[in-house]
Amino acid sequence: MQMRTKLTFLLCVWIFLCGSCVGRFVVEKNNLKITSPKSLRGIYECAIGNFGVPKYGGTMIGTVVYPKFNRNGCNKFNDGDTSLTSKPGSFPTFVLVDRGDCYFTLKAWNAQNGGAAAILVADDRIEPLITMDTPEEGNGANDDDYIEKITIPSALISKSLGDNIKMALSSGAMVNVNLDWREALPHPDERVEYELWTSSNDECGPKCESEINFLKSFKGAAQLLEQKGYTQFTPHYITWYCPEAFVLSQQCKSQCINNGRYCAPDPEQDFSRGYDGKDVVLQNLRQICFFKVANESGKPWQWWDYVTDFAIRCPMRENKYNEECSDQVIKSLGVDLNKIKECIGNPRADVESPILKAEQDAQIGQGSRGDVTILPTLVINNRQYRGKLSKAAVLKAICASFQETTEPSICLTPDMETNECLANNGGCWQDKAANITACRDTFRGRVCECPIVQNVKFVGDGYIHCEASGALRCAINNGGCWQGAQGGRAYSACIDDHTKGCKCPPGFRGDGVHSCEDVDECKEKLACQCPECSCKNTWGSYECRCSNDLFYVRESDMCIGKYSSNSSVSGGGFVWMLILILAIAAAGGYAFYKYRIQRYMDYEIRAIMAQYMPLDNQAENGNQVQHAV
C-alpha cells in the first residue's frame with residue numbers, strides 16, 4: 001500500500017472531523033506512444049510520478065524490457081540476467097515492473113542503478129490512473145536520501161496496457177515506446193505564471209531540508225526571470241481550520257490562530273516541546289504579507305531573499321524561529337515593517353484573516369488544477385508539476401511552459417537543452433556566405449523561420465528558401481543576388497528600391513541570383529551598328545568608334561560631324577565679338593540709366609526748394625505780372 005505524507009493524512013483527519021471531505025485530486029499525465037509491434041501501435045495515457053525528473057517539453061524513445069526475475073523491481077538489478085544497461089547503438093532501456101510489494105520510489109531507484117533510462121510501472125488492478133508519490137518519512141529504502149537522487153522519469157500505466165506489453169514481449173516482439181511530455185504542461189504565451197505551495201516549517205526532516213535547498217538554489221534564476229518580466233510568481237501556504245467542537249482543546253489552541261480558523265501541524269508532532277503549529281501559521285502569514293508588500297512596491301522577487309535569509313538566520317533548531325528574528329531580516333531587506341504588521345493583523349482575535357482566508361480558498365482546485373493537499377506543490381500555468389523539486393528540473397519545466405520561440409536565453413543554455421541547429425543546420429535554409437540561417441533553437445527543439453537581420457526581413461518557407469525583402473535588403477549579402485567586378489567595374493543584380501527579386505543590370509543576361517553573363521552587344525548587333533561605327537565588346541558594356549573623325553552619340557547610336565580647327569578659331573573670334581558687343585550695349589544702357597536718374601533727382605530737389613525760396617525764373621515772372629497790372 002502506498003503511503004501518503006503526514007500533511008495529507010492530517011488534512012484528511014481535520015476535514016473528516018468537519019464532515020466535509022470533498023477534495024479533488026488531479027492526476028497529471030503524459031502520452032506514451034507505442035511504435036512497434038503493429039498490434040500495439042497507438043497513443044496511450046500514463047501518469048507522471050511525483051519523483052525523478054520528467055522530460056517536460058521533450059520526448060524520449062526506448063525499448064521496453066520486462067525482467068525474468070525481480071519483476072516487481074523491489075530488489076537491485078545487479079546480475080547479468082537482469083542488467084538494464086542498453087548496448088551501444090541501441091535504444092535506451094525502459095524497464096517494465098509490476099506494482100506492489102514496495103514503494104514506487106524504491107522501484108525507480110533500483111531501475112536507475114540497474115541502468116534503465118526510464119521506468120514503467122504496470123498497475124495490478126483495474127482502476128483509473130493514480131499519481132505515484134513519495135513514501136512517508138522514514139519508510140523508504142535504507143538510504144534516506146535516495147529519493148532526491150532519482151533522476152530517471154517514471155510513468156504508471158494501466159493494467160490492460162501492461163498485460164498487452166508483457167504478452168507481446170513473451171512472443172518475442174520488440175516493443176518500442178516514445179514517452180512524450182511536450183503537452184504535459186500548457187505553453188500558451190510568452191509569460192509563465194507559476195506558484196509554490198510551501199511552509200516555513202523547517203523541522204519536517206529530509207523533505208523540509210530538500211525544499212529549503214531548492215529555495216536557495218533556485219532563487220537566482222527565479223529573481224532573474226521575474227525581473228525581466230518572463231514569469232509571474234506567487235507563493236502560497238496551506239492551512240486548515242479546527243472543527244468547532246475542538247476549538248477549545250489544547251491541540252487546537254497550540255496549532256491554530258484566530259480561534260481555530262487557521263491551523264498547521266505541530267513541527268515535531270509533539271505538543272509538549274518545541275514550537276507549536278500556531279508558530280508556523282504566524283510565520284507563514286508573515287511570509288505572505290512580506291510578498292504582498294514587496295509586490296505592491298514593484299519588487300515581488302524580494303520574497304526569495306526573505307524566505308532564504310529567514311531559513312538561514314532563524315532556524316527552529318537554534319530557537320530563533322520567532323518574530324524578533326523575522327523583523328531583523330525584514331529590516332535588512334529594506335521592506336516596510338509597519339505595512340507587514342498591518343497586513344498580519346491580530347492573530348488572537350476571533351475574526352477572519354482576509355489573507356489566510358484567501359489562501360484556504362486558493363487551495364481548492366480550479367480548472368485543470370486539483371486541490372493542493374501535499375507540500376511542497378509547484379503549479380505551472382495552472383497545472384501541477386510532478387517530479388523532483390530541484391533547480392534544473394523545475395527550470396526545465398518552466399522553460400517548457402513558454403510558447404515556442406519566446407523562451408528567455410536562460411532556457412537555451414547547453415545545460416538546459418540540446419541545440420538542434422548545430423547538426424545539419426536543423427534541416428533549415430541557410431546562407432553560409434553571409435552566415436545567416438533560418439534555424440532557430442528552442443527549448444522544445446527547433447523551428448525553421450526566415451530571420452530578420454539588421455532590420456532586413458527575409459521571407460520564404462524557412463526550409464529551402466528565404467529571400468531578403470525591403471528597401472535595405474541589398475546591404476545584407478547583396479540581397480541574395482548576383483554581383484561581380486572586373487577591370488575596375490562592379491555590377492549588382494540587387495536594386496535597393498525593389499522590395500524583392502533580382503534583375504541582371506544592363507549589359508548582362510541571367511537569373512540575377514546565381515549568374516549574370518555578359519551580353520556581347522557587338523556580336524548580337526544590339527548597338528554600334530551605323531555604317532561609320534566600329535564596335536568592341538567590353539565586360540558589361542561596349543566601345544564604339546566612328547571613322548572619318550566623326551563623333552559617336554550612344555543615345556541615338558549614330559556618328560555625327562565635328563567642327564574643323566579653323567572653324568573653331570573663327571567660331572572663337574565670333575564669340576569674342578559677341579561678348580564685346582554685349583559689353584558695349586551694357587555700358588551704354590548703364591550710362592543712359594545714370595542720366596535718367598540724375599535728371600529725376602534734379603527735378604525733385606528743385607520742387608522741394610521752390611516751396612521755401614523763389615527761384616530766379618519765378619521772380620522774373622512775378623515782376624512781369626506786376627508791371628502788366
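Visitor: What is the average pLDDT of the protein chain?
Guide: This is a predicted model, and its protein chain averages a pLDDT of 85, with 87% of the residues scoring at least 70.

Visitor: Which elements have the lowest and the highest mean pLDDT?
Guide: Helix H1, residues 6-18, has the lowest mean at 39, whereas strand S9, residues 231-237, has the highest at 97.

Visitor: Changing topic to H3, how far apart are its end C-alpha atoms?
Guide: They are 16 Å apart, which agrees with the 16 Å that the twelve residues of H3, 159-170, should span at 1.5 Å a residue.

Visitor: Which residues of H3 are buried?
Guide: Leu161, Gly162, Ile165, Lys166 and Ala168 are buried, and because they cover an arc of only 160° around the axis, they lie on the same side of H3.

Visitor: Which ones are exposed on the other side?
Guide: On that other side of H3, Met167 and Ser170 are exposed.

Visitor: What covers the buried residues of H3?
Guide: The cover includes six strands, namely S1 (29-36), S2 (42-48), S3 (59-65), S4 (93-98), S5 (118-122) and S6 (154-157).

Visitor: Which residue with positive phi follows H3?
Guide: H3 is followed by Gly172, whose phi is positive, near 95°.

Terms used: Residues are numbered from 1 along each chain as its sequence is written. This is a predicted model: local features need pLDDT of at least 70, side-chain atom pairs count only at pLDDT 80 or more; totals for chains, interfaces and linings use all residues. Side-chain values use heavy atoms; hydrogens and water are left out. Helices (H or I, at least four residues) and strands (E, at least two) are DSSP runs, numbered from the N terminus. The expected span of a helix is 1.5 Å times one less than its number of residues. Buried means under 20% relative accessible area, exposed over 50%, partly exposed in between (1.4 Å probe, protein chains only). The arc is that of the directions from the helix axis to the C-beta atoms. Contact means heavy atoms within 4.5 Å. pLDDT is the predictor's confidence in each residue, from 0 to 100.
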